Every structure is written in C-alpha cells, then in structure tokens.
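Thanks for coming. I'll go through a few points on this one, so please have the sequence and the model up on your screens.

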Amino acid sequence: MPDGDIVHSGLGRLYKKPYEWLCEGKATSEECARTPLAALKKDIIRKGNLPVRLSQYMAERLIQTVNAIGDISAVNWTAVNTAFDQIAQQTHGSHALKELTLRAAKSFLHDLRYGQETTISNAPTAILKGFFHEVYESEFKDRIPLTPTHHAGVDPTILDQRIGNIEPTIFTAIQKWANKAVHDGSVKNIRLPRREKIKEIDLNENIGW
C-alpha cells in the first residue's frame, strides 16, 4: 500500500500532504495555509476553464433577465434556475464540473433573492468564487472526516480548529483567483499569494528592554 494511502485513503493525492501537515501541527501557520492553497490552485488549473465559461454564460443570462424586467424583486427565480439548468445541460464538458458550477450559481441566486447579495454586477466573479469554494469543500474539507482515525492521532476538534485558522487565508486567495480568472477568461494564470515578509530586527534599535 502506498504511503499516501496510509495518511488518508479518502483524500486525493494532491491533498494528502496538506492534511498530513495539519494533523502534525509542526509547520508554521503560513505553511499550513499555503500547502492546501497550492494543492487547490493546481486542482483548479487541472479542472480547466469550463467553470469560467459557465459562470460567464449564467451571469449574462441573469443580467439580461434583470435588465429586461428593470426590477430585481420582480424576477421569476424559478425561471432563472431552469435557465441555468439548461445552460449546464447544453454546454459540453465534465458533468461533475457542471454540477459544481451550477450549485455555486444557484447559491448566488438564493443570496440575491433573499437580500444577502444586493448587486448583479459582480455575478460572474461571485459564481466562479462559489465554484472554487465548492472545489475546496468537496475535494478537501468535506473529505477530511471520512476516516476512522486521523493521522498522528490528532483529535478531530483540534483538527477542525486548525482548518478554521487557515480558512481566512484560503478564502481571501479564492476571491483574488475568481477576479483574475474572470478578467483573463482563464484559470491558467492564478497565483499563490506572496509570502509574508518577516521584519528584520535592528540589533542597535532601542526596543525598550
């Protein structure tokens, strides 16, 4: 049995090292965030540009619908949901990717309908950001509990806390990736955030000791 399978058989190869580092708790908080981010970036690039195109198609349909009516409160949300289903069905590509993008798009519609989102101008980015969240959760976060015992014997509560600690960094990167991918029409050029620079201490400086 390959060593990677011993760590967590329910995780894909890309995500085994991030899980291992989180369990062991030996890496710095920055590295604990960058390692799953690097895996997520590679995964998103491998999945390709279908979600970018779908996000744009669905956003265009939504914007056309709202502009034609002139009042977002008068939108027939059932009809828009059906239109999104049709766009996904008529677009050639991976069924799994279409389903994840569709889930993200319908989540954005829900937020619009109930006032959690107030504008449609950012619809392509919001939908694609939702897709990136879906990938993070379905490929990594939601699979972590799918093992009888965790690597290094870490307590599940502690592991959950560590995941919570790195998620603000992950979600900030996801937002930037969505902006970049929509602007470029491609996920090819998304990048990891720059490493934080540690300020060097001037030994001659009066630091109040």
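C23 has a relative accessibility of 3%, so it counts as buried; buried means under 20% relative accessible area, exposed over 50%, and partly exposed in between, with a 1.4 Å probe and protein chains only. This is a predicted model, where local features need pLDDT of at least 70 and side-chain atom pairs count only at pLDDT 80 or more, while totals for chains, interfaces and linings use all residues. Residues are numbered from 1 along each chain as its sequence is written, and side-chain values use heavy atoms, with hydrogens and water left out.

Next, a helix pair. Helices here are DSSP runs of H or I, at least four residues, numbered from the N terminus. Helix 5, residues 77–90, packs against helix 6, residues 95–113, at an angle of about 165 degrees, and the axes are 10 Å apart. The axes are lines fitted to C-alpha atoms over the stretch in contact, and angles run from 0 to 180 degrees between N-to-C directions. Helix 5 and helix 6 are therefore roughly antiparallel, the term for angles over 145 degrees. On the helix 5 side the contact, meaning heavy atoms within 4.5 Å, is made by W77, V80, N81, F84, D85, A88 and Q89. Helix 6 contributes K98, L102, A105, K106, L109, L112 and R113. By class, that contact has eight nonpolar, two polar and four charged residues. Nonpolar covers Ala, Val, Leu, Ile, Met, Phe, Trp, Tyr, Cys and Pro, charged covers Asp, Glu, Lys and Arg, and the others, Gly among them, are polar.

On to helix 7, where E134 lies. Is E134 buried or exposed? Buried, because its relative accessibility is 13%. Leaving aside neighbours within four places in sequence, E134 is in contact with L100, R103 and A104.

Last, a backbone point. A152 is not a glycine, yet has a positive phi of about 65 degrees. A152 sits in the loop between helix 7 (123–139) and helix 8 (156–184). With 58% relative accessibility, A152 counts as exposed.

Definitions and conventions:
Helices (H or I, at least four residues) and strands (E, at least two) are DSSP runs, numbered from the N terminus. Angles under 35 degrees count as roughly parallel, over 145 as roughly antiparallel, 65 to 115 as roughly perpendicular and the rest as oblique.
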